[in-house]
Amino acid sequence: MAVVGLSGRLARCYCLRAVRSSLCVPALQLHVSKTAMGASQKDFESAVNQVKLLKKDPGNEVKLKLYALYKQATEGPCNTPKPGLFDLINKAKWDAWNALGNLPKETARQNYVDLVSGLRSSSDSSSQVKPEADKKQAGYETLVITSEDHITKIMLNRPAKKNALNTQMYQEIMLALEAASKDDSTITVFTGSGDYYSSGNDLTNFTDIPPGGVEEKAKNGAILLRDFVDCFIDFPKPLVAVVNGPAVGISVTILGLFDLVYASDRATFHTPFSHLGQTPEGCSSYTFPKIMGLAKAVEMLIFGKKLTAGEAYAQGLVTEVFPDSTFEKEVWTRLKAYSKLPRNAMRISKQIIRNHEKEKLHAINAEESSILQERWLSDECVNAVMNFLSQKAKL
Ligand SMILES: CCCCC/C=C/C(=O)SCCNC(=O)CCNC(=O)[C@H](O)C(C)(C)COP(=O)(O)OP(=O)(O)OC[C@H]1O[C@@H](n2cnc3c(N)ncnc32)[C@H](O)[C@@H]1OP(=O)(O)O
């Protein structure tokens with residue numbers, strides 16, 4: 001899939017269309033092995049046919065699972081080369097298959113049959129009351145995604161690395177946002193697991209140099225950044241950040257694209273771009289001066305002033321601050337009440353409020369990404385990253 005080289009928005013549209021089409025019951029496009037014998041094989045073939053008749057789209061996560069089980073059942077463990085980082089769709093499919101490890105073919109066949117049977121019964125009863133139970137979605141390694149009370153919660157889940165955003169996490173967030181934009185939820189919430197909300201870009205992202213060298217690395221990084229931020233600019237439902245602890249870098253800048261930002265009084269907001277030889281992203285060069293005025297935005301974005309939650313609230317970046325001891329309880333009570341509001345009214349209100357800025361934000365995102373592409377090649381940036389990686393410097 002040719003994502004690299006296309007402009008960010010086109011690439012994203014192409015990519016999302018490809019998610020929908022290429023994951024659309026992929027197993028059905030392949031031939032079922034006729035060599036394996038026995039009742040289980042027959043059940044398997046019948047299950048493959050039944051997938052075509054499902055009344056309800058089971059969603060990308062389930063389709064990935066079906067794809068992986070089908071491949072495992074017909075070809076055995078995954079031994080094909082891992083697709084490139086930017087080949088999002090094939091990488092997601094490869095990851096799902098590879099995650100099955102050495103699961104025996106017979107077990108995979110049985111699991112496929114069981115999964116289809118479950119889908120058939122839920123598809124048949126889809127007009128009945130929808131289950132509201134908290135449901136962890138499978139297929140994500142760096143995120144924990146749950147849906148409950150009409151809220152989709154996307155939790156950054158690399159607590160040992162302070163939820164630093166590695167390349168996989170950026171890609172999984174884009175897929176999760178695409179899924180959340182289409183699911184039954186009324187609002188979508190981001191939060192972090194552990195003591196941090198997020199320490200921003202994972203600085204080890206800079207170490208994995210492709211064959212085309214550092215220039216190609218910087219170019220790929222700029223495409224990833226632009227696509228990532230575009231997903232937030234275009235997200236159609238109310239987007240809420242539940243900032244459970246310190247937030248750094250890009251995890252702070254994109255808050256300007258959120259609709260509500262709730263913070264624990266333990267949270268801090270830090271954008272140390274100059275210290276890292278870098279420049280602002282996430283449209284913050286536009287949203288921050290607009291939100292907090294030029295003087296305060298400059299203090300954060302050029303001089304790297306770290307704000308407390310109270311300061312961030314005073315400057316309009318944060319909607320409300322809660323004591324850490326009651327943070328989760330108070331915030332989730334509030335969000336559950338909001339999630340009962342009429343979905344379409346909220347979505348349309350968001351459109352009215354945000355739409356006239358969208359084109360401008362996309363242009364700003366493109367410009368910030370392209371400036372960063374240059375910055376990442378500068379001595380200032382390389383030295384700052386090397387200092388962190390060699391444990392000579394921390395923020
Ligand atoms: C492609 C899109 C690019 C978009 C451009 C984005 C730009 C940004 O986001 S700029 C901000 C980048 N972030 C940083 O510079 C933060 C670097 N981290 C730190 O300074 C510190 O780790 C800390 C202040 C966030 C936390 O310090 P401390 O409480 O002492 O915890 P540790 O340093 O021991 O962290 C535990 C563990 O996590 C690793 N880690 C934390 N943050 C990052 C990070 N951003 N990148 C990579 N690794 C990170 C840290 O190295 C430790 O790892 P181990 O030593 O292996 O335990």
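User: How many of the 16 residues of H3 are buried?

Analyst: Buried means under 20% relative accessible area, exposed means over 50%, and partly exposed is in between (1.4 Å probe, protein chains only). In H3, 12 of the 16 residues are buried, so this helix is largely enclosed by the rest of the structure. Among them are Val62, Leu64, Leu66, Tyr67 and Tyr70, but also Lys63, Lys71 and Gln72. Helices (H or I, at least four residues) and strands (E, at least two) are DSSP runs, numbered from the N terminus. Keep in mind that this is a predicted model: local features need pLDDT of at least 70, side-chain atom pairs count only at pLDDT 80 or more, and totals for chains, interfaces and linings use all residues. Residues are numbered from 1 along each chain as its sequence is written, and side-chain values use heavy atoms, with hydrogens and water left out.

User: What span should H3 have at 1.5 Å a residue?

Analyst: The expected span is 1.5 Å times one less than the number of residues. For H3 (residues 60–75) that gives 22 Å, and the end C-alpha atoms are 22 Å apart, so the two agree.

User: What comes just after H3?

Analyst: Gly76, with a positive phi of about 85°. Pro77 then sits in the loop between H3 and helix H4 (88–98).

User: Is Pro77 buried, partly exposed or exposed?

Analyst: Partly exposed, because its relative accessible area is 37%. For neighbors, contact means heavy atoms within 4.5 Å. Leaving out residues up to four places away in sequence, Pro77 touches Gln72, Trp97, Gly101 and Asn102. Gln72 is one of the buried residues of H3. For a sense of distance, Pro77 and His356 are 279 residues apart in sequence, with 50 Å between their C-alpha atoms.

User: Now another helix. Which helices do the buried residues of H9 pack against?

Analyst: They pack against helix H8 (250–253), helix H10 (294–301) and helix H13 (343–375). The buried residues of H9 (residues 284–292) are Ser284, Tyr286, Thr287, Phe288 and Met292. Thr253 is buried, as its relative accessible area is 0%. Its contacts, not counting residues up to four places away in sequence, are Thr271, Phe273, Glu281, Gly282, Ser284, Thr287 and Phe288. After H9 comes Gly293, whose phi is positive, near 90°.

User: And the ligand: which residues come nearest?

Analyst: A residue is near a molecule if one of its heavy atoms lies within 4 Å of it. There are 24 residues around the ligand, and Lys161, Ser199, Asn201, Leu203 and Lys394 come nearest. With Ala, Val, Leu, Ile, Met, Phe, Trp, Tyr, Cys and Pro as nonpolar, Asp, Glu, Lys and Arg as charged, and the others, Gly among them, as polar, the shell splits into 13 nonpolar, 6 polar and 5 charged residues.

User: Which polar backbone atom is 2.8 Å from a nitrogen atom of the ligand?

Analyst: One that belongs to Leu203. A nitrogen atom of the ligand also has a polar side-chain atom of Asp202 at 3.5 Å, and a ligand oxygen atom is 3.4 Å from a polar backbone atom of Ala160. As for cover, the ligand has 1,100 Å² of accessible area on its own (Shrake-Rupley method, 1.4 Å probe), and the protein covers 78% of that.

Note on methods: A polar contact is a pair of N or O atoms within 3.5 Å; within protein, one must be able to donate a hydrogen and the other to accept it, and residues adjacent in sequence count only if both atoms are side-chain atoms.
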